[in-house]
Amino acid sequence: MVTPVTRRAFLLGSTGAGIAGVPWHTGRSRATEGQDGSDSDSDSDAVAVVSQHHLATDAGLEVLAEGGTAADAAVAVACSLSVVEPWFSSALGGGTWALYYDSESEEVTSVDGVGPVGSEATPEDYEARAGDHGMHQSIVPGAWDGWMLWLDRYGRLDLEAVLSPAVDVARAGYPVSPGMENWLGRREDRIEERPDAAEIYMPDGELLEEGDTIYQEDMADTFESLAEAYDDHREEGRTEAVQAARDHFYRGPIAEEIVDFSEEHDGYLTLSDFQEFEAEIVEPISIEYDEDDAVRVYQNPPNSQGITQLLALNVLKEYDLSDIEPDDADAVHVVTEALKLAFADRYHHVGDPDRVDVPVAELLDDEYAASQRDRIEMDEVMEWPLDSGLSESLFGDTDADHTTTFHVVDGDGNAAAVTTSLGAQFQVIGDTGIHLNNRMRMLAVDDDDPNRLTPGYKVRHTSNPYMATRDGQPYILGGNTGVDTQPQGQTQQFVHVAEFGLDAQAAIDRPRFETTAFPSTQYPYDVGNTLEMESEFPSDVIDDLEDRGHDVGLGGSFGTANMIVVDEDGDLEVGAESRSATADGRVTTVDRP
């Protein structure tokens, strides 16, 4: 039986492949040139890129080969995913939280690329339309401004070089993947009623199918217009050129087109919403996970839900997992119960910190984690409703699948962990090619909810990639998609590496589970009180969990995940989502510029 220990046991052993020796999936990660991720010669450096599409991974590696940093490569990957995975993310129409490790300063920072609710929104009007799709679901797209901040602070290449892989793929076309065909079918009714989307996805009146070639010509034009705005001011300096690309979007013709479209289709966005918006590079939040090995886990601060993963890990870090397997019923149970407590705190406390007081320090305090740990029983399960462990009298009250994740490590040791999101509504804005988000569906309308819809303030954003360091150097970069699944899959994969000694691909391949014992982020905010598990778990494990009181549901898969791990020798490992037909991760070497 797993029990908390006063002094944690940190397991470094390896447990092999899949359950009962059977591999769960065949991974798509691979090494090229320097097969082990090490330098193949003295003039080359090992680099790694992993993403949900091989063409986006290609883009990141191309930019690294041209001398770009992890920031340059990350923007290239993000823009390429906008082209080839336009239902999951958009560098132009979505939102982003991301973490960056700068090897020169040895500092981890977080970028808040999330825009606010439109100033014309009201809870009353939105509630009447919350179950419908359309422009009223869109907030100000903040991702582009966040990416530009990264390029300004951490980048090296000019914007045209960073955008060229995305532009080339958009113009040359690419084959429709099984995943895209699936999402096109699921959103056929919306595409049919939106001429700008139908022109792309139903060019001959019928939905494109797997293997058909798809083009994103208008999106390529928009990327090129941003590069031209940058070039027009390049002689003034790189920062001024980046600012010109920001202004072209938020205070120029792109914002004007989006707002015109919003007004025409009953949205909430105004020009002032765009003109006043600026992304920020902010301090991340973190916990010390293992004092002996100096492992620290970083997350994005509120308004991101990233604190949820840290809350769970803070509880889990004192459990001795040394005598069990990764998918033992004890391991599943204790992780599930820790996640329930973490999500209860997310529900009760986390929103836009400019609107509500989020007690971050108190929530991440070790004594608070110990008190939460005391709430877990190994032979019983907790169900919603769950109170927060924080005293309301002490801290006051809180009144006033649609993501992709990717990671990059460059030859200088800079590292980027990214989860960026859109929402699969195929809302295309005129001839810009921009696919706009539907993030409003993740706002609450209750007066006392910390995530309450408030014009000019931000949604509690589900994107929350994480980064762990060991001895101050990058150790694990990870992310898992899927709204409320994100912190859950990420916690499982982190534990599989840090506690059970699995390599990156094995950690990604392990079957996943998720608890639904909290109100869903998405309207209508249902509570399931179930433990959903992928079907690869052994029957005896499921029986054990049901005996403890878990209401187990079997089947499906829970999000997509990608991971980079830097092992104890400094070699790079990639774990690419093996549940996806297009995911790709590569370790290779590039010549130093």
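This is a predicted model: local features need pLDDT of at least 70, side-chain atom pairs count only at pLDDT 80 or more; totals for chains, interfaces and linings use all residues.

**Stop 1: a charged patch on the surface**

Start on the outside. Select Glu-181, Glu-188, Asp-189, Glu-192, Glu-193, Asp-204, Glu-206, Glu-209, Glu-210 and Asp-212, and you have a patch of negative charge on the surface. Which helix gives the largest share of the negative patch? Color residues 188-192: that is helix 7, and it supplies 3 residues of the patch. Now pick Asp-189, which sits in helix 7. Its relative accessible area is 43%, so Asp-189 counts as partly exposed.

**Stop 2: an enclosed helix**

Next, select residues 307-316, which make up helix 13. Is helix 13 largely enclosed or open? Of its 10 residues, 10 are buried, so helix 13 is largely enclosed by the rest of the structure. Click along helix 13 and you will pass buried residues including Ile-307, Gln-309, Leu-313, Asn-314 and Leu-316. Stop at Thr-308, also in helix 13. With a relative accessibility of 0%, Thr-308 is buried. Show its side chain together with the backbone of Gln-305: a polar atom of the Thr-308 side chain lies 2.7 Å from the backbone oxygen of Gln-305.

**Stop 3: a buried loop residue**

Move on to Val-483. You will find Val-483 in the loop that runs between strand 15 (473-480) and helix 18 (485-498). Its relative accessible area is 4%, which is under the 20% cut-off, so Val-483 counts as buried.

**Stop 4: salt bridges**

The whole structure holds 22 salt bridges.

Begin with Arg-238 and Asp-72, a salt bridge whose closest N and O atoms are 4.0 Å apart. Arg-238 belongs to helix 10 (residues 238-250) and Asp-72 to helix 2 (residues 70-84), so this pair ties together parts that are 166 residues apart in sequence. Both Arg-238 and Asp-72 are buried.

Then show Arg-171 and Glu-217, which form a salt bridge with 2.7 Å between the closest N and O atoms. Which helices does the pair of Arg-171 and Glu-217 tie together? Arg-171 is in helix 5 (residues 159-172) and Glu-217 in helix 9 (residues 217-232), so the pair links parts 46 residues apart in sequence. Arg-171 is partly exposed, at a relative accessible area of 30%, and Glu-217 is partly exposed too, at 37%.

For the third, select Asp-327 and Arg-510. Their closest N and O atoms are 2.2 Å apart, and the two form a salt bridge. Are Asp-327 and Arg-510 buried or exposed? Asp-327 is buried at 7% relative accessibility, and Arg-510 is buried at 6%.

How values were computed: Residues are numbered from 1 along each chain as its sequence is written. Side-chain values use heavy atoms; hydrogens and water are left out. Patches are made of residues with over 30% relative accessible area and no salt bridge: like charges are joined within 9 Å, nonpolar side chains (Val, Leu, Ile, Met, Phe, Trp, Tyr) within 5 Å. Accessible areas come from the Shrake-Rupley method with a 1.4 Å probe; for residues, only the protein chains shown count as cover. A salt bridge is a side-chain nitrogen of Lys or Arg within 4 Å of a carboxyl oxygen of Asp or Glu. Lys and Arg count as positive and Asp and Glu as negative; His and the chain ends are not counted. The place of a charge is taken as NZ of Lys, CZ of Arg, CG of Asp or CD of Glu. Helices (H or I, at least four residues) and strands (E, at least two) are DSSP runs, numbered from the N terminus. Buried means under 20% relative accessible area, exposed over 50%, partly exposed in between (1.4 Å probe, protein chains only). A polar contact is a pair of N or O atoms within 3.5 Å; within protein, one must be able to donate a hydrogen and the other to accept it, and residues adjacent in sequence count only if both atoms are side-chain atoms.
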